[in-house]
Amino acid sequence: MNVVVLTKRVPDTETRIQVKDGKVVTEGISWIISPYDEYGVEEALRLIEKYGGKVTLLCLGPEESKETIRKGLALGADAAVHLNDPAFEGGDATTTAKVLAAALKKMEFDLILAGKQAVDQDNTQVAVRVAELLDLPHVNSVIKLELSEDKKSARCLREVDGERDVAETVLPAIITAQQGLNEPRYPSLKGIMGAKKKPITDWKAADLGLDPATIGAK
C-alpha cells in the first residue's frame, strides 16, 4: 500500500522563542518535524512493515525544510515531495490546504496520515481542510488504528475531550494522529546515511497548476 504522511517543519519545542517587531526571530532556532506528525510517520512505517508498500512524506516549506525532510527519511520513509516555492509562503490554513490538496491529486495513495495539529500554530485545521478539498473521509485524534484484512477500511479509536470513541471509515481517508498512537522510533546510523540517497522531488506552484495570486500570503 502507498501511505503519504503530511509533515511540517516547526521550531523545536525546547527552543526559547523570541519575538521582534511582531515576528518570531528565526536565527538560532532548532527545527524539527512537528511531534504529532512524527506519530503519523511512525504509524506509516509500521503499516508498511506489516503490509508492504511505500511511505512518502509531503512537506510544504522553504528550502531549509529539506534538513527536516531528511530526518523523516532517516526514520525509514522511502521518498519525499517538497512543496518549495516562495509563492506558498505566508499562507493560512486555507491556502496551505489548497496547495497540499493540489499536490496529493498528483500522487498515488491508499491512506494519508498527519499529526492532529502542528505545534507552532496549533490550529488543527489543515488536514481536515485537505480531506474536504479532496472529498475524502477523515478521522481525527486517533490513538489506535487497525486496517481491515482487505485494507479497504480502517477502525480508529479516538480520544476526544477526555472520552474515547470508535470510528470506522473506508479508505482512502485522511487520519490524524494523537499522542498515544505509538512511540516514534529514533533514526539509526544506517538510516541517517541512507537518507542522503533517497529522492526528494521539488514541486512549485506551476507544477501544481496553481495561480500564485490565490495562495500563500497573497
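**A salt bridge and its setting**

Modeller: In this predicted model, Arg-185 and Glu-42 form a salt bridge through their side chains, with N and O at 2.7 Å. Arg-185 belongs to the loop that runs between strand E12 (174–177) and helix H5 (189–195), while Glu-42 sits in helix H1 (residues 35–51); the pair therefore ties together parts that are 143 residues apart in sequence. The two partners may also be described by their accessibility. Arg-185 has a relative accessibility of 27% and so counts as partly exposed. Glu-42 has a relative accessible area of 4%, and since buried means under 20%, Glu-42 is buried.

Further salt bridges can be set beside this pair. The structure holds nine of them. One joins Lys-66 to Glu-63, with their closest N and O atoms 3.5 Å apart; Glu-63 is partly exposed, at 44% relative accessibility. Another links Arg-158 with Asp-165, where the closest N and O atoms are 3.0 Å apart. Asp-165, at 31% relative accessibility, is likewise partly exposed. Through shared partners, salt bridges also connect Arg-185 and Glu-42 with Arg-46 and Glu-49 in one network.

As for the protein around these pairs, its secondary structure consists of six helices and 13 strands. Of its 218 residues, 48% are buried. Among contacts between residues at least 6 apart in sequence, 71% join residues at least 24 apart. The radius of gyration is 17 Å, which agrees with the value near 17 Å for a compact globule of 218 residues.

How values were computed: Residues are numbered from 1 along each chain as its sequence is written. This is a predicted model: local features need pLDDT of at least 70, side-chain atom pairs count only at pLDDT 80 or more; totals for chains, interfaces and linings use all residues. Side-chain values use heavy atoms; hydrogens and water are left out. Helices (H or I, at least four residues) and strands (E, at least two) are DSSP runs, numbered from the N terminus. The radius of gyration is taken over C-alpha atoms; the globule rule is 2.2 Å times the number of residues to the power 0.38. Buried means under 20% relative accessible area, exposed over 50%, partly exposed in between (1.4 Å probe, protein chains only). Contact means heavy atoms within 4.5 Å. A salt bridge is a side-chain nitrogen of Lys or Arg within 4 Å of a carboxyl oxygen of Asp or Glu.
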